[in-house]
Amino acid sequence: WPYPTYPRFLQLLCSPRSLRVADGGIAGEVSPAGPRHVANYLDWFSNANWFIIGFGTNDLGMASDAVGASLQIISNLQTMADYVKQQHKQVLFLNVPNVRFAGFPTTTAEQLRRDRVHHNKKLTEFCKSADIPLIDICKPLLDEHFGDEVHPNEAGAQIIAEQVFSTLRPMLDKLGTP
């Protein structure tokens, strides 16, 4: 994979607290596969306290109907959250980042961003109603934080890790994790 991903940088932020980060990300994956992956990860990482889940970018990118795709993504995320909560673990979701505007014709880029705004709004509403922390990686990622049209570059991955850690930090502090 040509671009570093955020778990590498999250590990650096978590290391002083003696926490280990497992990267379960699969490039190109779509949300219908998520429940199966989450079930496996719950078995493989049974001592983990937190599961940070991000799906939707690929679903939206392949969809002809972003509204319908958003509903399906959120339904799949609900299933994933249920699996995690049944194991008495904390689930956190990432919203969907924008695309690199300059990587697309203007009308396409504008439509992709509208689709993401719509989805992230619906995801925010879902997370509030389900009491699931939602980590905003959309707002802080600018065009210069992408290595190509949709994948964050090293600076983007660092920003995502910082956003994740800023959400995790109060949970870690509450548990007394050094």
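These legends describe close-up views of a predicted model. In this predicted model, local features need pLDDT of at least 70 and side-chain atom pairs count only at pLDDT 80 or more, while totals for chains, interfaces and linings use all residues. Residues are numbered from 1 along each chain as its sequence is written, and side-chain values use heavy atoms, with hydrogens and water left out.

**View 1. Helix α2 against helix α4.**
Helix α2 covers residues 34-44 and helix α4 covers residues 66-86; helices (H or I, at least four residues) and strands (E, at least two) are DSSP runs, numbered from the N terminus. The two axes come within 9 Å and cross at roughly 15°. Axes are lines fitted to C-alpha atoms, for helices over the stretch in contact, and angles run from 0 to 180 degrees between N-to-C directions. α2 and α4 are therefore roughly parallel to each other. Angles under 35 degrees count as roughly parallel, over 145 as roughly antiparallel, 65 to 115 as roughly perpendicular and the rest as oblique. The crossing of α2 and α4 is right-handed: a crossing is left-handed if the near helix is turned anticlockwise from the far one by less than a right angle, and right-handed if clockwise. From α2, the residues G34, P35, V38, A39 and L42 meet N76, T79, M80, Y83 and V84 of α4, where contact means heavy atoms within 4.5 Å. By class, this contact of α2 with α4 has seven nonpolar, three polar and no charged residues. Ala, Val, Leu, Ile, Met, Phe, Trp, Tyr, Cys and Pro count as nonpolar, Asp, Glu, Lys and Arg as charged, and the others, Gly among them, as polar.

**View 2. Helix α4 against helix α5.**
The axes of α4 and α5 cross at roughly 30° and come within 10 Å. α4 and α5 are therefore roughly parallel to each other, and their crossing is right-handed. On the α4 side the contact residues are A66, V67, S70, I73, I74, L77, Q78 and K85; on the α5 side they are D115, H118, H119, K122, L123, F126 and A130. These residues divide into eight nonpolar, four polar and three charged.

**View 3. The largest nonpolar core.**
A nonpolar core is a set of buried Ala, Val, Leu, Ile, Met, Phe, Trp, Tyr and Cys residues joined through side-chain atoms within 4.5 Å. Buried means under 20% relative accessible area, exposed over 50%, and partly exposed in between (1.4 Å probe, protein chains only). The largest core has 23 residues, of which I53, L77, V84, V91, F93, F126 and I132 touch the most other members. At least two residues each are supplied by α2, β1 (50-53), α4, β2 (90-94) and α5 (106-130). The largest share, eight residues, comes from α4. Not counting residues up to four places away in sequence, F126 touches I74, Q78, F93 and I132.

**View 4. F55 in the loop between β1 and α3.**
F55 is placed in the loop that joins β1 to α3 (57-62). At 13% relative accessibility, F55 counts as buried. Leaving aside residues up to four places away in sequence, F55 touches E29, V30, S31, G34, I73, L77, M80 and V96. The C-alpha atoms of F55 and L77 are separated by 7.7 Å, and the two residues are 22 apart along the chain.

**View 5. Helix α1 against helix α6.**
α1 and helix α6 (residues 154-175) pack at an angle of about 50°, with their axes 8 Å apart. That makes α1 oblique to α6. The crossing of α1 past α6 is right-handed. α1 contributes Y6, R8, F9, L10, L13 and C14 to the contact, and α6 contributes E154, A157, Q158, I160, A161, E162, V164 and F165. By class, there are 10 nonpolar, one polar and three charged residues in this contact.

**View 6. Two loop residues with positive phi.**
S18 lies in the loop between α1 (6-14) and α2. Phi of S18 is near 60°, a positive value in a residue other than glycine. With 66% relative accessibility, S18 counts as exposed. H88 is found in the loop between α4 and β2. H88 is not a glycine either, yet has a positive phi of about 60°. With 74% relative accessibility, H88 counts as exposed.
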